[in-house]
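Trainee: I am new to this structure. Please take me through one part of it closely.

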Amino acid sequence: MSVTIVGLGPAGLDRLTSLAMAALDDESATVIVRTLEHPAARQLAARRPVTACDDLYEQSADYDTLYAAVAQRVLDAPGAVVYAVPGSALVGERAVPLVRAAAAEIGRDVI
């Protein structure tokens, strides 16, 4: 199954594209948010079940360990997964390249 990576932008869900919203609203996908400390992530969690990675911040000794754990959580999720990050998925998100690299190793598509 695939992993779809979605940037949540700077604010609420009303700022997202219809394509991003379609991915986030897909009931057949598991949605994982990096943190609930973002307006769009909180709104999304009020609309549907999501898995947050906030607990990993408390458990990790440093950022390298944290982002490796986030990537592992995303890749361990069964079926289709949507990984939603604050802001842009392409700028400043350290877990995104880790997800992409690990997914390539196991033959999982990343969109």
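How far apart in helix α4 are tyrosine 63 and tyrosine 67? And please go on from there to strand β4.

Mentor: Keep in mind that this is a predicted model. Start with the helix. Helix α4 covers residues 63-76. Tyrosine 63 and tyrosine 67 are four residues apart in it, which means about one helical turn separates them.

Now look at their rings. The count of aromatic pairs comes to one. That pair is tyrosine 63 with tyrosine 67: the ring centres are 6.0 Å apart and the planes meet at 20 degrees, so the rings are stacked. Planes under 30 degrees apart count as stacked.

Tyrosine 63 has 52% relative accessibility, so it is exposed. Tyrosine 67 has 11%, so it is buried. The cut-offs are over 50% for exposed and under 20% for buried.

Next, strand β4, residues 81-85. Five of its five residues are buried, so the rest of the structure largely encloses this strand. In a regular strand, side chains alternate between the two faces of the sheet. Check both faces of β4. Val81, Tyr83 and Val85 are buried on one side. Val82 and Ala84 are buried on the other.

Strand β4 also has pairing partners. Strand β1, residues 3-7, pairs with β4 in the parallel sense over five bridges. There, glycine 7 has valine 85 of β4 as its bridge partner. Strand β2, residues 30-33, also runs parallel to β4, joined by four bridges. Find valine 31: opposite it in β4 stands valine 82.

Note on methods: Residues are numbered from 1 along each chain as its sequence is written. This is a predicted model: local features need pLDDT of at least 70, side-chain atom pairs count only at pLDDT 80 or more; totals for chains, interfaces and linings use all residues. Side-chain values use heavy atoms; hydrogens and water are left out. Rings of Phe, Tyr and Trp (its six-membered ring) pair if their centres lie within 6.5 Å; planes under 30 degrees apart count as stacked, over 60 as edge-to-face and the rest as tilted. Helices (H or I, at least four residues) and strands (E, at least two) are DSSP runs, numbered from the N terminus. Buried means under 20% relative accessible area, exposed over 50%, partly exposed in between (1.4 Å probe, protein chains only). Two strands pair if DSSP finds at least two bridges between them.
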